[in-house]
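Colleague: Got a minute to walk me through the pockets and the surface of this one?

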Amino acid sequence: MRIGGICSTGALDQQDERIVQSGLDFAPFLAGGWFNDNHGKKSTDVVGYPTDAKFVRKGERLPDGSNAGTDGWWVEGYLLDTEDGRKTWALARSLAGSPRKLGFSIEGKVQRRASKDPSKILRAVVRHVAITHVPVNTGTE
């Protein structure tokens with residue numbers, strides 16, 4: 001069960017923060033990170049693993065055939081053949097064509113904020129990506 005989408009953009013999020021996309025490091029996510037269910041911390045909340053993360057520019061053709069609406073990060077990977085992995089897959093598929101969608105939320109550690117504007121994240125390490133129905137960055141999908 002392949003999954004992919006935009007997991008981060010430079011848009012102002014619902015926590016009034018903005019992430020400079022060129023400052024994100026996805027190496028830890030690709031090396032040992034997971035897709036999890038809605039930021040769950042239990043081992044059983046793991047629903048998949050990544051195979052790729054790449055920076056995309058506005059207008060660039062994405063792997064799903066659409067065009068990027070803004071600069072951001074595309075991630076993809078596989079959902080696990082577990083009950084929760086199958087439920088996530090079924091939910092995402094059932095939402096296709098509806099006005100609602102699942103989104104992504106990056107997890108990791110902020111390494112540097114702008115000194116004059118602490119709501120601006122200049123550098124961060126991404127360790128995991130949550131699949132969620134309530135993404136803080138509403139531009140993810």
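This is a predicted model: local features need pLDDT of at least 70, side-chain atom pairs count only at pLDDT 80 or more; totals for chains, interfaces and linings use all residues.

Modeller: Residues are numbered from 1 along each chain as its sequence is written, and side-chain values use heavy atoms, with hydrogens and water left out.

Colleague: Which strand gives the most to the lining of the largest pocket?

Modeller: A pocket here is an open set of points on a 1 Å grid over the protein atoms alone, where a 1.4 Å probe fits, with protein on both sides within 12 Å along at least five of seven lines; lining residues have an atom within 4 Å of a point. The largest one holds about 660 Å³ of space, and Gly4, Gly5, Asp64, Phe104 and Glu141 are the closest to its centre among 33 lining residues. With 6 residues, the most comes from E1.

Colleague: And which element has the largest share of the lining of the second largest pocket?

Modeller: That pocket has about 360 Å³ of space. Its 24 lining residues include Asp13, Ile19, Ser105, Ile106 and Ile121, the closest to its centre. The largest share, 8 residues, belongs to E7.

Colleague: Is Tyr78 buried or partly exposed?

Modeller: Tyr78 sits in strand E6 (a DSSP run of at least two residues). Buried means under 20% relative accessible area and exposed over 50%, with partly exposed in between (1.4 Å probe, protein chains only). At 33%, Tyr78 is partly exposed.

How values were computed:
Helices (H or I, at least four residues) and strands (E, at least two) are DSSP runs, numbered from the N terminus. Grid points are joined across faces, edges and corners, and a volume is the space filled by probe spheres set on the points.
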